[in-house]
Amino acid sequence: MTVEPMNVKPDQEGKTGFLSSVLGKILLGIVIVSGTAFILWWGYNFLSANNAPQIVQIPVAILWGVGGVALLYTVLNWLVEQLPRNAARVLQPLIFIGPAVLLMGWFLAVPVFRSLTASFRDSLGRESVGLENYIFAFTDKRMLETFRNNLLWLVFGTSFSVGLGLLIATLADRTKAEVLYKSIIFTPMAISFVGAGVIWKFVYTYKGTGYGINEIGLINAIITGLGGTPQPWLNIPPWNNFFLIVIMIWLQTGYAMVILSSAIKGVPSELLEAARIDGSSEWNAFWSVIVPYIKGTLITVTTTVVIFSLKTFDIVRVMTGGNNQTNVIANEFYLQSFTYNHAGRASAIAVVLLILVLPVIINNLREFNRGRKGF
Amino acid sequence: MAAKSYKAQKGRSSLLVNLILIVICVIWLVPILGILITSFRPSTDIFQSGWWTVFPHKQYVQSGEIILPADVDVSGPITIDGVTHTFEEWRQGVTMPDGRYLEWFGNRRTRKLTVSAKEWVGFATGFNLKNYEDVLTGKTITYIDGNGQTITRKGNDLSRAFLNSLAVAIPATIIPILIAAFAAFGFAWLNFPGRNIIFSVVVALLVVPLQIALIPILQDYVKLGLNGTFLGIWLAHTGFGLPLATYLLFNYISTLPRELLESAYIDGASNFTIFVRMILPLSVPALASFAIFQFLWVWNDYLVALVFLGGGENQVVTYAVASLVGEKGQDWHLMTAAAFVSMVLPLAVFLGLQKYFVRGMLAGSVKG
């Protein structure tokens, strides 16, 4: 059942006051709209002029950005509510979804077609080169290497992040120190990929062998402590890819855990109690009650982590720069766009990335339509 | 009865559960502990020994040396204090039966061996904030590098980058959430033509990699003069974050109890009033948890900041730390301190807002 938005405000204006009230509304409208426009315009000029010290500039920027959006919604809605009821009913959804649709269109939907066009053009986007950029994307040795590496990221990164996240969320839910455990696992989430790069570079670092050299990297110190030989871990293909994937797991498990944990907490305790009273073990209760209940969240989390793994860029960029056979699609895209300035090839790589996530898109749509019976 | 046996079972298994979690947590924490400790160590120590040596441990301390007399033949196996080894073995180092550790110094002709013994070394001292001072200021700094050379250069001015990150992350968190909440309410509660199709597009956009947009949007930004501005990066983060924000908030808002909203409509409230007075307050748990993730993603983002904001005056923390790693790849004292500066705030935000993850919030507000 759908609720019809009803505007049952009683019509208070008598016929005599009708004209003056319309005029008043129009005047008020002009004042409000021009006032809003002035505030936004003044803020924009203040910020672009960049004269004030940083400590003033930043609060103004935040206030202008956030306040501006809130103000725009309020004013637009006020304007629509002044219109006759039928017109308002048609226009109001536009106010609610319009800004989101416009922004998503500009930043994501339209660029799909713009990149598609650019992918058939040369490095400057001028002349058509047919399929040349795609032939590069699917046959170049470097590109084939990025595909292999991204596959490793996708399979191992995703399965370990989500699996570990679910395990920790479920286990922590049964302990007294839950908050502490979860905070610890989540901690890496609070660190940028770049910061994580610093942390793990320090774990993997290698100083070489020789007289008087102490390894300062954790792994090599453990290896030498056990009598082994230190290794330059990030320079040994193909294993260096796995050492990089470990960083992603370390970062993303916290994300999966927090989302899954809040979903697990949403499982009605009566359902679990019922299962327990029926004599099912904790293991069975987990698979027959918790997992089905949080299935939607699991899908969302897995999808997000899959996309993370496909778009992997920062870690590789900071740790190895894509050298020693650790290159990934997003890094090659970055190199083609901003280092080699080849817009055609870069766009083709972006389109390939899109094609790779197409199954996820289709699956998402199917899942969404299936779950949306009462929409 | 049944509940009792469950409790008993819980008691037995909780030890194992806690043990597993503790092991995982230790693995998770050790890398961070490493750079936390390192960030407070003097730069000369960092290059000479691992961070774990700050804890009490046994290590070889040189106690003297042995000079072999000139008449000892060093071309074949060499006997010292009754122990015979080849030159190569002596050079690798030999533990003597009495516990001393002998190691040949240099080549055969030096005839010199260093003698060391294992001794306890206590907690390291000399922790200081110099690394933090060095990365936070824009002033000239000096330090001693791994080769013992004194280096002088400009500091990294991370405090400015920190404020820039705030200026980027706060609006880039609130704006998309606000816009997405409006849209989610529209999709969940308002009737308009094309609703299903538009929302399907949103779902499809969830997974579109932002790489597809970088080149076209950069072209637009250059034309509009938005490149390198805060407004530009807010819009970019909003555009890229909106599909997920809208989708997640829709999932939440569409499950709010319909009776609540119906009674509000009957009372004559407008859509806007209902949204501001009821939907937003009721959605606080969802808004807060999404806000945490969006804030973290924006704060931790490197790619979007790299493309649309770049270096210079408006550079953000991730950019500053990344250029530290790139430019001076082995300056662990600066990198570790900088990495810590970059993670202080997001961590505080998560710990501060964690209460929003407590279950039953919605149920409580409907009942009350």
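A residue is buried if 20 or more other C-beta atoms lie within 10 Å of its own, exposed if 12 or fewer, and partly exposed in between, with C-beta atoms placed from the backbone. This is a predicted model, in which local features need pLDDT of at least 70, side-chain atom pairs count only at pLDDT 80 or more, and totals for chains, interfaces and linings use all residues. Residues are numbered from 1 along each chain as its sequence is written, while chains are lettered from A and ligands numbered from 1 in the order in which they are written.

Q: Why is A:Val198 called buried?
A: A:Val198 has 28 C-beta neighbours inside 10 Å. The cut-off for buried is 20 or more, so A:Val198 counts as buried.

Q: Where is A:Val198, and which residues does A:Val198 contact?
A: A:Val198 sits in helix α7 (residues 193-204) of chain A. Helices (H or I, at least four residues) and strands (E, at least two) are DSSP runs, numbered from the N terminus. Leaving aside neighbours within four places in sequence, the contacts of A:Val198 are B:Ile35, B:Val321, B:Val325, B:Met335, B:Thr336 and B:Ala339. Two residues are in contact if their C-beta atoms, placed from the backbone, lie within 7 Å.

Q: What makes A:Thr158 buried or exposed?
A: A:Thr158 has 25 C-beta neighbours inside 10 Å, and therefore counts as buried. A:Thr158 belongs to helix α5 (residues 141-172) of chain A. Not counting residues up to four places away in sequence, A:Thr158 touches A:Thr302, A:Val305, A:Val306 and A:Ser309.

Q: Is B:Ile170 buried or exposed, and what is the count?
A: The count for B:Ile170 is 21 C-beta neighbours inside 10 Å, so B:Ile170 is buried. B:Ile170 is part of helix α5 of chain B. B:Ile170 and B:Gln294 are 124 residues apart along the chain, yet their C-alpha atoms are separated by 9.6 Å.

Q: Why is A:Asn324 called partly exposed?
A: A:Asn324 has 15 C-beta neighbours inside 10 Å. A:Asn324 lies in the loop between α13 (314-319) and α14 (329-339) of chain A.

Q: Why is A:Asn341 called exposed?
A: A:Asn341 has 11 C-beta neighbours inside 10 Å, so A:Asn341 counts as exposed. A:Asn341 is in the loop between α14 and α15 (343-370) of chain A.

Q: What is the phi of A:Asn324, and what is the phi of A:Asn341?
A: Most residues other than glycine have a negative phi, and most peptide bonds are trans. A:Asn324 is not a glycine, but has a positive phi of about 55°. A:Asn341 also has a positive phi, near 50°.

Q: What is omega for the peptide bond from A:Pro237 to A:Pro238?
A: Omega is near -5°, and this bond is cis. A:Pro238 is in the loop between α8 (218-225) and α9 (239-265) of chain A.

Q: Why are α3(A) and α5(B) called oblique?
A: Helix α3 (residues 85-118) of chain A and α5(B) pack at about 125°, with axes 8 Å apart. Axes are lines fitted to C-alpha atoms, for helices over the stretch in contact, and angles run from 0 to 180 degrees between N-to-C directions. Angles under 35 degrees count as roughly parallel, over 145 as roughly antiparallel, 65 to 115 as roughly perpendicular and the rest as oblique. The angle of α3(A) and α5(B) is among the rest, and therefore they are oblique to each other.

Q: Which residues make this contact, by class?
A: The contact of α3(A) with α5(B) has twelve nonpolar residues, one polar and no charged. Ala, Val, Leu, Ile, Met, Phe, Trp, Tyr, Cys and Pro count as nonpolar, Asp, Glu, Lys and Arg as charged, and the others, Gly among them, as polar.

Q: How many residues of chain B are in contact with chain A?
A: 98 residues of chain B are in contact with 97 residues of chain A. The chain B side has 69 nonpolar, 24 polar and five charged residues.
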